[in-house]
Amino acid sequence: MPEFQFIGCIEIKELLGQKADNEAQLLEMIEDVHPDSIYYHMHSYFLRHVYLSGPFPNDFANWAAIELRDNVLGEKLANVSVSPEKSLEDIRMDLVETIDKHLSEMRFVAPILRGSPFHFMKSQIVEVPLGTEAQDLSEFIQALQDVHASALYYHIFEARIRVRKGRNDFSIWLDDVLGYAQLAEGIEGIDFYMFSLEGLRLKILDLCRQELGE
Amino acid sequence: MKPLGTLLEAYRHISPPGTLDLIYKLGEKLQGRSMLHVNSTKMGGGVAEMLHRLVPMFRELGIEARWEIITGTPLFFKTTKSFHNALQGDEALLTDAMFEEYRRVNEDNAARLDLSADMVVIHDPQPAALIGHKAEGKKWLWRCHIDISRPLRKVWHFMKPYISGYDGAIFSLPSFAQRLKIPQYLVYPSIDPLSDKNRELEPEEIEAVKEEFDLTDDKPIILQVSRFDKFKDPVGLIEAYKIVRTHQDCRLVLAGGGASDDPEGEEVLARVREEAAKDEDILVLDLPPDANLAINALQRSAAIIVQKSVKEGFGLTVAEGMWKGKPVIGGAVGGIVAQIVYGLTGYTVNSIEGCAYRIRSLLNNPDMARKLGEDAREYTRKNFLITRHLIDYLSLMSLMMGLR
């Protein structure tokens, strides 16, 4: 029976030297920027803010609300959803349409007054096999308690979106190898974007323990 | 997992869960590879302080890490000091002779130093021209520790061809990125939780420092640790303190280094002293550069830590304060905004009034202050400890060596 091998990851952050000063520039640059930059600003937030969930789940929303002081756009961008069914190009189009509609409702677009510009970045992931394995659900729970938080990021977000497996790695293994179909479905059903990585760890552990009747 | 040595193991229960195992696994891939760091000083300054700690860690992981220092003439160091200021946006008078001296001294150093390594990291502008001696197939990175968001164009124009020869540049903040054709990476600076400035202190160590400075527990302490220069805005903090004092009793401690070579700094210090002379609850401490233990004890004694800068590079004193579990209020500039998540790990402020309001609010809501401090410590644990810095370097080395 194949064991589950935990893989951590490190995000190397790359600066693109491109910046936006207002909503209109943000729109133009999102239209053209490398897809990896869309991924970075929509997801890597979780790797950086591993302990705390910030006000919004992506960089565009936080920048609009905090730096640009455009709370309405911030709230709208916070609701641009990311799901395994969507490609990065789909997400790019959702962002563009959201900002475009918002701009059409603005009487004028002011330059950023006191906040910082939005600096576009992208990231590369270095995978680090951690040497931690699980053969069954008990071992899985034990390992998940202590594993580096980046492993949650790798097996959930990288698997679902960048590698496009459609489901998170935990659910794939629990269902396909161990036969815990309901548990796998329960984990995949978590609204991953509403939690920090530590929050996700606790949520998944909770579901696994319930499965074992603990 | 088998620990490789005692140096790194000391961080096992300080860094986030699983960090040491991740470091060992990353290190395994790089064992036997060589790494060289080059800068201009072994003593003084944040770069040297960090290399003193990081280089032994690389070695413990089995990486053949070395650290070389360039030497130069007084004219060379005068030139690079001007480069340093100009790259940070200040006016600087530079002559052709100075540019020539920069090139010549770098050539001399290239002939003297052993620059052979799989990955070479050149720190700051002083040794940047060594890139001309990069060996075939080796990877060279330029690590820029200063704020070059608005460099003086003449100096940047001179430096850019050198920087463009590297395999990548590393900056401390996104706003420092330049229009370059090489990859530009983001690596935040870090603090060492086991250094004298940040390690846990015994109660008697804290008491000894408080006694030394006649600090009592009768009033909450508002503390700022920084040089006395206008960009750190100690005068603005005094104004904020005065507003707070109309509502609440507290004590303001301004602790920092001297400003002997900085006429503007002397002016700021004189103004601070003048204000302190009028209020016995304003304490000005002119500390020597090595007063790390005293700073640690002062931070641990404070109720609130402030870094009311109006211009800032990264501002690691914020992370130092956060690591001590204190609520930190910082000016919304430079790296402070990367360290303080507004309302979650502290507050960033944009004015004297905003600073005063947040101090009052925190003094009146000790539970909220405690929660901010606790979350700030955890945020620092994940993001600004030396173990994260080590991981960043190991990852970059993996990338450079094609070991992803």
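Q: What makes the crossing of helix 8 of chain B and helix 13 of chain B right-handed?
A: The crossing of these two helices of chain B is right-handed because a crossing bears that name if the near helix is turned clockwise from the far one by less than a right angle, and is left-handed if anticlockwise. The model is a predicted one, in which local features need pLDDT of at least 70, side-chain atom pairs count only at pLDDT 80 or more, and totals for chains, interfaces and linings use all residues. Residues are numbered from 1 along each chain as its sequence is written, while chains are lettered from A and ligands numbered from 1 in the order in which they are written.

Q: Why is helix 8 of chain B called oblique to helix 13 of chain B?
A: Helix 8 (residues 234–245) and helix 13 (residues 352–364) of chain B pack at an angle of about 50°, with their axes 8 Å apart. Helix 8 of chain B is therefore oblique to helix 13 of chain B, since angles under 35 degrees count as roughly parallel, over 145 as roughly antiparallel, 65 to 115 as roughly perpendicular and the rest as oblique. Axes are lines fitted to C-alpha atoms, for helices over the stretch in contact, and angles run from 0 to 180 degrees between N-to-C directions.

Q: Which residues of helix 8 of chain B meet helix 13 of chain B?
A: B:Gly236, B:Leu237, B:Glu239, B:Ala240, B:Ile243 and B:Val244 in helix 8 of chain B meet residues of helix 13 of chain B, including B:Ile352 and B:Arg360. Contact requires C-beta atoms, placed from the backbone, to lie within 7 Å.

Q: What makes strand 9 and strand 12 of chain B edge strands?
A: The open sheet has six strands in the order 9-8-7-10-11-12 (chain B), with parallel pairing. Strand 9 (282–286) and strand 12 (346–349) of chain B each pair on one side only; pairing requires at least two DSSP bridges.

Q: How do you know that strand 10 of chain B pairs with strand 11 of chain B?
A: Three bridges link strand 10 and strand 11 (residues 328–331) of chain B in the parallel sense, and B:Val328 is the bridge partner of B:Ile305. Strand 7 (residues 221–225) of chain B also pairs with strand 10 of chain B, over two bridges.

Methods: Helix = DSSP H or I, 4+ residues; strand = E, 2+ residues; numbered from the N terminus. Contact = placed C-beta atoms within 7 Å.
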